[in-house]
Amino acid sequence: MARTPLIAGNWKMHTTAEEARALARAVRDGAAGVGDVEVVVCPPFTALAAVADELAASAVKLGAQNVFYEEMGAFTGEVSPPMLTALGVEYVIVGHSERRQYFHETDDVVNKKVRAALAHGLKPIICVGEKLEEREAGDGWKDLVRGQVKAALAGVSVAHAAKAAVAYEPVWAIGTGRTATPAAAAEAHALLREVVSGTFGRETAELFRILYGGSVNPENVKELMAEPDVDGALVGGASLKAESFVAIMHFGE
Ligand code: PEP
């Protein structure tokens, strides 16, 4: 496969620095020998340094859950791309549905964050996905998620594009235990790859990773990963226990 699978854990607002350190250590140990899979953990900002320390000699990579688009300045409470790269952060989740919902992140803000991340060498994992009422209202969800991806990647150069990834996360599947069927994920991923192809060309689209997110667990990951357009998973709840996250990175085997 041209695309190395990417399994990323989003720890959300969980773990103190010390708890994160212990979880990172267990993930690191469980990931030894995982093979051709890129594994990323995204602890809260306050735990990044501790987790970076634990992962220093491991192939598990460090991600953040958010980033601001300015480099520095009077932006109380925000964290800039250079602050993250200085800690060894390689990936950053951008536009998670919880940020869109609770912190009013618009497509425009998501795009600014994506471009700032890429300009500083961070790899954004761009979250898109429709809400339940949008999914139930016919085919409109397709244009909605297409639009989210187009907006997030606007102004990104072809050279940078394949450093980004998209996580298709139907909002109705996040934290609900209600996973998209592999066929539903496949349909969404195929249409999102078409968007990437239309924007950056077929070659970039073939390299571009599209992850699925939404109640991924050790039992359903194998089927999801069997879909050719599913290139990995963004995992919330099941990434908070090393045992389940390690099982997921092994595709449930
Ligand atoms: C997420 O928060 O990105 C997510 C997919 O959560 P969960 O796996 O808990 O549904």
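In strand 7, Arg-209 is the bridge partner of Ala-165. That contact belongs to a parallel pairing of strand 6 (residues 165–168) with strand 7 (residues 209–213), which holds 4 bridges; two strands count as paired if DSSP finds at least two bridges between them. Strands (E, at least two residues) and helices (H or I, at least four) are DSSP runs, numbered from the N terminus.

Keep in mind that this is a predicted model, where local features need pLDDT of at least 70, side-chain atom pairs count only at pLDDT 80 or more, and totals for chains, interfaces and linings use all residues. Residues are numbered from 1 along each chain as its sequence is written, and side-chain values use heavy atoms, with hydrogens and water left out.

Now the helices on this side. Helix 9 (residues 182–200) lies across strand 5, strand 6 and strand 7, and runs at about 150 degrees to strand 7. Angles here go from 0 to 180 degrees between N-to-C directions, with axes fitted as lines to C-alpha atoms, for helices over the stretch in contact; contact means heavy atoms within 4.5 Å.

Zoom out, and you get a closed barrel of 8 strands in the order 1-2-3-4-5-6-7-8, with parallel pairing. Neighbouring strands of this sheet are turned by 25 degrees against each other on average, direction ignored.

Hop over to strand 2 (residues 38–42), which pairs in parallel with strand 3 (residues 61–64) over 2 bridges. Val-40 has Lys-61 of strand 3 as its bridge partner. Next comes strand 4 (residues 91–94), parallel to strand 3 and joined to strand 3 by 2 bridges; there, Ala-64 finds its bridge partner in Val-92 of strand 4.
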